[in-house]
Each structure stands twice: as structure tokens, then as C-alpha cells.
Amino acid sequence: MSMSVPVHELERRAARCRRKVVRMVRSSGCGHLGGALSCIDVVSALYFHTMKHDPSNPKLPTRDRFILSAGHKCMALYAVLAEAGYFDEAVLDTYGKLNTKLPGHPDMHKLPGVEANTGALGHGLSIAVGMALGLLLDGKGARVFALLGDGELPEGSNWEAAAAAAHHGLSNLTAIVDANGLQISGKTRDVMNMEPIGAHFAAFGWAVREVDGNDAGQVVEALDALPYQNRAPSLIVARTVKGKGLSFAENNVSYHYWKPKAEELEQAERELDETLKEVDA
Ligand SMILES: Cc1ncc(C[n+]2csc(CCOP(=O)(O)OP(=O)(O)O)c2C)c(N)n1
Ligand SMILES: [Mg+2]
């Protein structure tokens with residue numbers, strides 16, 4: 001069921017989800033922090049405002065599908081699924097451990113609500129295109145949302161998928177690029193520049209919008225306006241900050257993967273507890 005919550009409530013949920021990310025890191029000792037925190041406002045807007053889904057029936061045939069192509073950002077997905085009620089919050093403390101439902105990259109066979117196994121970058125958009133085409137043929141009206149990292153755009157498979165999506169007129173497909181400007185080893189523009197991202201997709205026949213992806217109001221507006229064009233797939237370039245919400249991690253490439261010392265972990269918890277108080281006030 002689409003939950004359609006107002007913007008302030010979305011900000012509150014995203015803050016709760018950021019806090020859950022740090023809870024997972026406390027339990028396991030490490031995790032892909034930066035990318036989870038940059039995309040979490042978008043993922044929570046999708047699950048709490050836009051998508052039709054039912055936490056008590058994850059296989060609902062008419063549900064909208066979410067594909068986290070950049071699978072390493074999965075702490076964002078796990079936090080949102082827990083917040084939505086797909087599983088008990090205590091399961092967050094098993095993150096990254098042996099036999100967990102929440103491995104370091106998402107596994108559809110372990111956790112209900114996960115639609116595809118991802119982590120090898122560059123495959124999610126192709127999966128999403130196949131799903132969107134199938135759903136369109138079925139006439140069920142379900143939509144597909146794929147979240148990509150900006151650092152995975154150099155993978156050529158994305159551009160085969162982009163061409164196929166436009167060719168088949170997949171207006172039920174939306175790709176969102178978490179454009180935080182960083183990837184594992186540095187700035188995306190230094191490692192492999194894929195700017196201007198929007199213009200590249202537009203040239204393939206996509207209808208494009210660009211927003212501040214950490215601004216819940218802007219994200220909701222862009223999601224509410226979908227699809228942007230008849231018989232064309234839509235792209236949202238979400239300009240975000242890697243590590244968003246933690247002062248020391250923002251825009252800092254060293255926090256791609258985080259293995260915190262005790263003090264830094266405590267600081268993170270303090271900062272996010274403070275943010276929670278502010279959004280609750
Ligand atoms: C095919 C493939 N190559 C390399 C990696 C290693 N890797 C994991 S995360 C990452 C960076 C991805 O950058 P981006 O998509 O921008 O995500 P962000 O770091 O911003 O979360 C890389 C190269 C991978 N997971 N898959
Ligand atoms: Mg990135």
C-alpha cells in the first residue's frame with residue numbers, strides 16, 4: 001500500500017533510518033556507510049510516499065518493485081524495510097553476520113522485500129528493464145524503480161539497458177542516480193567522468209529531472225510528477241552528499257566503508273540522536 005506520508009514525516013523516518021544504519025555498524029563493526037547515507041532520503045521517499053507495497057505481503061503481484069542496483073548501499077534498504085515493518089528491528093543487529101538475512105550485499109532469497117541480488121555493479125538497470133517490460137505486458141499497472149550509484153554508470157550494461165528501456169517505451173520504469181560525486185576511490189569525475197548524466201540518458205530517449213536528493217520536498221515533487229513523458233522511461237538525477245547526516249563523513253571518500261573506533265561510533269550516535277530530537281520537536 002502506498003503510505004503517502006507528508007514531507008515532515010518523511011524527514012523523521014529518514015532520520016530514524018540513518019540511526020538504524022549506525023545501529024547496524026555498531027553490531028557488525030563495519031559497513032558501507034557513505035553511500036547508504038547519501039541515498040536514504042530517496043529510498044525512504046519511495047517506500048513511505050510513492051511505492052505501492054505491503055510489508056505483510058512482500059510478494060503482492062501488483063506491488064511496485066525497487067531494485068537497489070548499487071547493492072553496497074544496502075544498509076539504507078535494510079533500514080527502510082525495518083522501518084516499514086518488513087521484519088523485526090532486532091534483526092538489524094545480525095547485519096553482516098554468518099547466516100544473517102542482512103548480508104553485506106542484498107540477497108532476495110534471504111530477506112523478503114528484496115527484489116534482486118545486487119552488489120556486482122552495473123546489473124540493476126538491466127534487471128529493472130526486464131521487470132518493467134514484463135509488468136507492462138501483464139497490464140498490472142505496477143512500476144519499477146531502480147537506484148544506481150553515479151560510480152557504476154561507466155558499466156556498459158547500463159547503456160544497453162537505457163537503450164532497451166527507451167525502445168520499449170517503458171513509462172513504468174524510473175531510474176534514480178544517487179549522484180554523490182564520489183565512488184570507492186575518489187571523485188567520479190576523476191575516476192571516470194559520466195557527466196552530464198541527465199543529458200546522456202536524454203540522448204538515449206529518457207525524460208529527465210534533476211533534484212537535490214537529500215531534500216525530501218524536492219524528491220517527493222519529482223516522484224509525484226512521474227512519468228515525465230508518455231511511452232518513455234524516466235530518470236531522476238538525485239544530487240546528494242555522500243555520508244549525509246554525519247558531520248565527519250559528509251563528502252569524505254574515506255567513509256565509503258566504515259570500520260569505526262569506539263569514539264567515532266559514539267559521536268555518530270550522539271549526532272543522529274540529536275537530529276532525531278530536532279525532527280521530533
Ligand atoms: C562490477 C563491480 N566493480 C567494482 C565493484 C567495487 N565497488 C564497490 S562500491 C564501488 C563504488 C561505487 O560507486 P557509486 O556507485 O558512486 O556508489 P557510492 O560509493 O557513491 O555509494 C565499487 C567500485 C563492484 N561492487 N562491482
Ligand atoms: Mg557515488
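## Helices α2 and α3

How close do the axes of α2 and α3 come, and at roughly what angle do they cross? In this predicted model, the two axes come within 8 Å and cross at roughly 35°, and α2 passes α3 in a right-handed crossing. From α2, the residues that make the contact are Ala36, Cys39, Ile40, Val43, Ser44 and Tyr47, while α3 contributes Met75, Ala76, Leu77, Ala79, Val80 and Ala84. Sorted by class, this contact of α2 with α3 holds 11 nonpolar residues and one polar residue, with no charged residues.

Two packed helices are described by the angle between their axes and the distance between the axes. For helix α1 (residues 7-28) and helix α3 (residues 74-84), the axes come within 9 Å and cross at roughly 120°, and these helices are therefore oblique to each other. The crossing of α1 and α3 is right-handed. On the α1 side the meeting residues are Arg13, Arg16, Cys17, Lys20, Val21 and Met24, and on the α3 side they are Met75, Ala76, Tyr78, Ala79, Val80, Ala82 and Glu83. By class, the contact of α1 with α3 has nine nonpolar and four charged residues, and no polar ones. Met75, Ala76, Ala79 and Val80 of α3, which meet α1, are also among the residues in contact with α2.

Helix α1 also meets helix α8 (residues 216-224), where the axes come within 9 Å and cross at roughly 115°. The two helices are therefore roughly perpendicular to each other, and α1 passes α8 in a right-handed crossing. Val7, Leu10, Glu11 and Ala14 of α1 face Ala216, Gly217 and Val220 of α8 in this contact, whose residues divide by class into five nonpolar, one polar and one charged.

## The parallel sheet

Strands of a sheet pair through backbone hydrogen bonds, either parallel or antiparallel. Here, five strands form an open sheet in the order β1-β2-β3-β7-β6, with parallel pairing. The edges are taken by β1 (65-68) and β6 (207-212), each of which has a single partner strand, so that one side of each is left without a neighbour in the sheet. On average, and with direction ignored, neighbouring strands of this sheet are turned by 20° against each other.

Within the sheet, strand β2 (residues 144-149) runs parallel to strand β3 (residues 173-179), and six bridges join them. In this part of the sheet, Leu148 stands opposite Val177 in β3. Helix α4 (residues 124-138) packs on the sheet, where it touches β1, β2 and β3, and the direction of α4 makes about 170° with that of β2.

## The surroundings of ligand 1

The shell around ligand 1 consists of 20 residues, and the closest of them are Gly35, Leu121, Gly149, Gly151 and Gln183. By class, the shell around ligand 1 comprises five nonpolar, 11 polar and four charged residues.

## Backbone features in the loops

Most residues other than glycine have a negative phi, and most peptide bonds are trans. Against this background, the peptide bond from Glu195 to Pro196 is cis, with omega near -5°, and Pro196 belongs to the loop between α6 (188-191) and α7 (197-203).

The loop between α8 and β7 (234-239) contains Pro227, and the peptide bond that leads from Leu226 to Pro227 is cis, with omega near -10°. Arg231 is also found in the loop between α8 and β7, and its phi is near 55°, a positive value in a residue other than glycine.

Methods: Residues are numbered from 1 along each chain as its sequence is written. Chains are lettered from A and ligands numbered from 1 in the order in which they are written. This is a predicted model: local features need pLDDT of at least 70, side-chain atom pairs count only at pLDDT 80 or more; totals for chains, interfaces and linings use all residues. Axes are lines fitted to C-alpha atoms, for helices over the stretch in contact, and angles run from 0 to 180 degrees between N-to-C directions. Helices (H or I, at least four residues) and strands (E, at least two) are DSSP runs, numbered from the N terminus. Angles under 35 degrees count as roughly parallel, over 145 as roughly antiparallel, 65 to 115 as roughly perpendicular and the rest as oblique. A crossing is left-handed if the near helix is turned anticlockwise from the far one by less than a right angle, and right-handed if clockwise. Two residues are in contact if their C-beta atoms, placed from the backbone, lie within 7 Å. Ala, Val, Leu, Ile, Met, Phe, Trp, Tyr, Cys and Pro count as nonpolar, Asp, Glu, Lys and Arg as charged, and the others, Gly among them, as polar. Two strands pair if DSSP finds at least two bridges between them. A residue is near a molecule or strand if its C-beta atom, placed from the backbone, lies within 6 Å of it.
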